[in-house]
Amino acid sequence: RLYAYNGSAWGALGDENIVSATNTSGGSLANRAMVIFDTANNNSVTTTTTPYKKAAYGVINGAACANAATCSVQVGGSATVTITNTTTVAKGDYVYTSATAGSAVTSAKLFDGMIGVVTDTSTSGSGYVTFTFQPQAQVTAGVAIDKGSKHNEYWLLAKNYLAGWDG
């Protein structure tokens, strides 16, 4: 396997799990920082202080990344991320964005905005854990019935409705 240095971090050539993006957060991003893709700027990342945010996620990979610099961002596979709940994290917990910019939070409960699953807690005392990306923006069901994705439920409810119709 071949590796290349992009000016801030080493990355495997041809690794589709690592992309380059510009830091638009307004400050430096540390290695292992949780980021989201900036919807206001092309090919850019920033931080969020919105817990459980539904977004496109990544983790700064390799070295710190100055504001307006090009960062190496891991977007898939297995990554190491900074977390806020270092004393309560457990293997198998779900990973989410947190109220702390650049950090993730973990929980044993499944919520919308899940980013992945914790696979290694051996470094939690240092403030970070390893997880596998398995993003699921929405895990709860919507209130309205979507007949495209809920075809069988739609027809079951429609048949029940028609069975009770006297008209």
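These legends go with several close-up views of one predicted model.

In this predicted model, local features need pLDDT of at least 70 and side-chain atom pairs count only at pLDDT 80 or more, while totals for chains, interfaces and linings use all residues. Residues are numbered from 1 along each chain as its sequence is written, and side-chain values use heavy atoms, with hydrogens and water left out.

**View 1**
Let's start in a loop: Asn85 sits between β8 (78-82) and β9 (94-97). Strands here are DSSP runs of E with at least two residues, helices are runs of H or I with at least four residues, and both are numbered from the N terminus. Is Asn85 buried or exposed? Asn85 counts as buried because its relative accessibility is 14%. (Buried means under 20% relative accessible area, exposed means over 50%, and partly exposed is in between, using a 1.4 Å probe and protein chains only.) Beyond its neighbours within four places in sequence, Asn85 is in contact with Val105 and Thr106, where contact means heavy atoms within 4.5 Å. Look for two polar contacts of the Asn85 side chain: one reaches the side chain of Thr88 at 3.3 Å, and another joins the side chain of Thr106 at 2.7 Å. (A polar contact is a pair of N or O atoms within 3.5 Å; within protein, one must be able to donate a hydrogen and the other to accept it, and residues adjacent in sequence count only if both atoms are side-chain atoms.)

**View 2. Ser103, in another loop.**
Now move along to Ser103, which is in the loop between β9 and β10 (104-107). Asn85 and Ser103 are 18 residues apart in sequence, and 9.7 Å separates them in space, C-alpha to C-alpha. Ser103 has 11% relative accessibility, so Ser103 counts as buried. Which residues does Ser103 touch, not counting those up to four places away in sequence? They are Met34, Thr82, Thr84, Thr97 and Ser98.

**View 3. The β9 and β10 hairpin.**
Here β9 and β10 form a hairpin with six residues between them. In the turn, Gly102 has a positive phi of about 85°. The two strands run antiparallel and are joined by four bridges; strands pair if DSSP finds at least two bridges between them.

**View 4. Strand β6 and its partners.**
Which residues cover the two faces of β6? Tyr57 and Val59 lie on one side, Gly58 and Ile60 on the other, and all are buried. Strand β4 (residues 34-37) pairs with β6 in the antiparallel sense over three bridges, and Ile36 has Tyr57 in β6 as its bridge partner. Strand β7 (residues 70-74) also runs antiparallel to β6, and two bridges join them. There, Val59 has Gln74 in β7 as its bridge partner.

**View 5. The disulfide of Cys65 and Cys71.**
How many disulfides does the structure hold? There is one, formed by Cys65 and Cys71 with their sulfur atoms 2.0 Å apart. A disulfide is a covalent bond between the sulfur atoms of two cysteines; the cut-off used here is a pair of cysteine sulfur atoms within 2.5 Å. The link of Cys65 and Cys71 is left-handed, with -80° about the S-S bond. Both Cys65 and Cys71 are buried.

**View 6. Aromatic rings.**
A search of the whole structure turns up four aromatic pairs. (Rings of Phe, Tyr and Trp, its six-membered ring, pair if their centres lie within 6.5 Å; planes under 30 degrees apart count as stacked, over 60 as edge-to-face and the rest as tilted.) One of them is the edge-to-face pair of Tyr52 and Phe111, at 5.2 Å centre to centre with 65° between the planes. Tyr52 lies in the loop between β5 (44-46) and β6 (57-60) and Phe111 in the loop between β10 and β11 (114-120), so this pair ties together parts that are 59 residues apart in sequence. Tyr52 is partly exposed at 32% relative accessibility, and Phe111 is partly exposed at 33%. Tyr52, Tyr96 and Phe111 form one aromatic cluster.
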